[in-house]
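Hi everyone, thanks for coming. Let me put the structure up on the screen, and then we can walk through it together.

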Amino acid sequence: MTRVAKAIKIRCNETDDDDVDELFMFWNGIRFWPPSGIFSMSKDTEAFVEPDTIRQFGANESMRFSLRDDESPLGSDSLGFVDINRNESNGEHVRNFEGGEGGSYTLTYRVGDSDI
């Protein structure tokens with residue numbers, strides 16, 4: 001069976017540099033959320049990650065979800081990443097984005113077989 005992970009929701013614990021962050025997220029370096037534009041979040045809010053975000057584990061043992069804050073026209077700030085290992089137990093997990101330049105965000109995701 002194919003091992004997969006699915007991003008479910010994101011929570012803003014603290015914004016990066018003002019009251020609202022303008023977010024976009026990548027999976028293994030490929031932008032996928034939101035499908036276009038940005039998604040604005042403020043402290044202590046949650047948002048479901050849509051559309052369907054089921055991603056297959058490739059030949060590597062892990063995948064990376066990374067989060068950025070749009071700072072147009074100057075570029076964007078890294079808010080960190082979450083590495084997910086294909087050997088994590090089936091079910092829902094919660095992990096904080098780490099290694100970013102600011103802000104604090106939490107990703108809720110599910111790992112399982114192709115039928116999650």
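Please find aspartate 44 and arginine 11, whose side chains meet in a salt bridge at 3.5 Å, N to O. By salt bridge I mean a side-chain nitrogen of Lys or Arg within 4 Å of a carboxyl oxygen of Asp or Glu. Aspartate 44 is in the loop between β4 (39-42) and β5, while arginine 11 is in strand β1, so this pair ties together parts that are 33 residues apart in sequence. The strands here are DSSP runs of E, at least two residues long, and helices would be runs of H or I of at least four, all numbered from the N terminus.

Before we go on, a word on what you are looking at: this is a predicted model, in which local features need pLDDT of at least 70, side-chain atom pairs count only at pLDDT 80 or more, and totals for chains, interfaces and linings use all residues. Residues are numbered from 1 along each chain as its sequence is written, and side-chain values use heavy atoms, with hydrogens and water left out.

How confident is the prediction, taking the mean pLDDT of the protein? The mean is 91, and 97% of the residues reach 70 or more; pLDDT is the predictor's confidence in each residue, from 0 to 100. Confidence is lowest in strand β6 (residues 54-56), with a mean of 89, and highest in strand β9 (residues 91-96), at 97.

The structure holds seven salt bridges. One of them joins lysine 9 and glutamate 46, at 3.4 Å, N to O. Lysine 9 lies in strand β1 and glutamate 46 in strand β5 (residues 45-48), so here the parts tied together are 37 residues apart in sequence. Lysine 9 has a relative accessible area of 23%, which makes it partly exposed, and glutamate 46 is partly exposed at 46%.

Another salt bridge brings together glutamate 14 and lysine 43, at 3.3 Å, N to O. This pair links distant parts of the chain, with glutamate 14 in strand β1 and lysine 43 in the loop between β4 and β5, 29 residues apart.

Now let's turn to the inside. Which residues have the most contacts inside the largest nonpolar core? They are Ile10, Met25, Phe65, Ile84 and Tyr105, in a core of 24 residues. The elements giving two or more residues to this core are β1 (3-14), β2 (20-27), β3 (30-33), β7 (62-70), β8 and β10 (104-113). A nonpolar core, for us, is a set of buried Ala, Val, Leu, Ile, Met, Phe, Trp, Tyr and Cys residues joined through side-chain atoms within 4.5 Å.

Phenylalanine 65 deserves a look of its own. Leaving aside residues up to four places away in sequence, phenylalanine 65 touches a list of residues that includes Met25, Phe32, Val82, Ile84 and Leu107, where contact means heavy atoms within 4.5 Å. With phenylalanine 32 it forms an edge-to-face aromatic pair, 5.8 Å centre to centre and 65° between the planes. Rings of Phe, Tyr and Trp (its six-membered ring) pair if their centres lie within 6.5 Å; planes under 30 degrees apart count as stacked, over 60 as edge-to-face, and the rest as tilted. Phenylalanine 32 and phenylalanine 65 are both buried.

From there, step across to valine 82, in strand β8 (residues 76-85). Valine 82 is buried, with a relative accessible area of 1%. Its contacts beyond four places in sequence include Met63, Phe65, Phe97 and Tyr109.

The peptide bond from tryptophan 33 to proline 34 is cis, with omega near -15°, and proline 34 sits in the loop between β3 and β4. The bond from serine 72 to proline 73 is also cis, with omega near 5°, and proline 73 lies in the loop between β7 and β8.

Key: Buried < 20%, exposed > 50% of the residue type's maximum accessible area, 1.4 Å probe, protein only.
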